[in-house]
Amino acid sequence: MGRLNAMKSDMKPLFEGIRFVGTAVTVKTLASDLAAAFKAIDLCNPGDVVVIDSHGSADTAFWGENMTLSAINRGVVGAVIDGACRDVEEIRKIRFPVICKGCVPNVGSISGYGDVNVVVQCAGVAVSPGDILIADGNGVVVVPKDEGAVILEKAQRLLSTEHLLLEKIKAGATIGELINVDGVFETVFSYQDRSMENR
């Protein structure tokens, strides 16, 4: 995706080993109101990810144990929050994947405001309902839903190239030796084409 659509580096997994792929159900909060997040969980289907745009707030928790258990009941595979969460010890015991900006004990209010399944901004990336979220220890990437097949094909080609590079490095080469004289990596396709010719 041209090095685009990766969320900012201040988004941190709540524990090590988090890894998930799912489709976005989005939340745009108003102030510290949790109502839209509650509604979003009820709208989720198995395989969904709750994505909460809390405007980067670090002083109010927009996720906690009760929301985690509710999300599990709906088959949700993870929560991505542009803000804070609470009940972290309980969530870690459950091993429910949460990626957020921090932890705080202050719980939000329930006033009935906010929007669900609208375009949101989460950690510097626009997320639309149905977009594909991919998360692991490296961070979170958002794949627009209409580009999923194209991005998958590109990623598979890139992975094949990565395997070729890794084989060369394990055989004694260095990454510097695999850069051309202009200081630019040869394209994915040139490596791919040569590998196909050699078969």
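Modeller: Let us begin with one side of helix α2, where N66 and N73 are exposed. Exposed means over 50% relative accessible area, buried under 20%, and partly exposed in between (1.4 Å probe, protein chains only). Helices (H or I, at least four residues) and strands (E, at least two) are DSSP runs, numbered from the N terminus. This is a predicted model, in which local features need pLDDT of at least 70 and side-chain atom pairs count only at pLDDT 80 or more, while totals for chains, interfaces and linings use all residues. Residues are numbered from 1 along each chain as its sequence is written, and side-chain values use heavy atoms, with hydrogens and water left out.

Colleague: Which residues of α2 are buried?

Modeller: M67, T68 and A71 are the buried ones. Seen down the axis of α2, the buried residues fall within an arc of 105 degrees, so they line one face of the helix; the arc is that of the directions from the helix axis to the C-beta atoms.

Colleague: What do the buried residues of α2 pack against?

Modeller: They pack against α1 (35–43) and α3 (88–94), where contact means heavy atoms within 4.5 Å.

Colleague: How is a positive phi to be read?

Modeller: Most residues other than glycine have a negative phi. In this model, H55 has a positive phi of about 60 degrees although it is not a glycine. H55 lies in the loop between β3 (48–53) and α2, and counts as exposed at 52% relative accessibility. N117 also is a residue other than glycine with a positive phi, near 55 degrees. The place of N117 is the loop between β8 (115–116) and β9 (120–122), and its relative accessible area of 36% makes it partly exposed. A glycine, G75, follows α2 and has a positive phi near 85 degrees.

Colleague: How many salt bridges are there?

Modeller: A salt bridge is a side-chain nitrogen of Lys or Arg within 4 Å of a carboxyl oxygen of Asp or Glu. By this rule the count comes to six. One of them joins the side chains of K101 and D10 (3.6 Å, N to O). That pair links distant parts of the chain, with K101 in the loop between β6 (98–100) and β7 (102–103) and D10 in the segment before β1 (12–13), 91 residues apart.

Colleague: Is D82 buried or exposed?

Modeller: At 6% relative accessibility, D82 counts as buried. D82 sits in the loop between β4 (78–81) and β5 (84–85). D82 forms a salt bridge with K101, the closest N and O atoms being 2.8 Å apart. Salt bridges that share partners join D10, D82 and K101 into one network.

Colleague: Which residue forms a salt bridge with R19?

Modeller: The partner is D136, with the closest N and O atoms 3.8 Å apart. R19 is in the loop between β1 and β2 (20–28) and D136 in strand β11 (residues 132–136), 117 residues apart. R19 is exposed, with a relative accessible area of 68%, whereas D136 is partly exposed at 23%.
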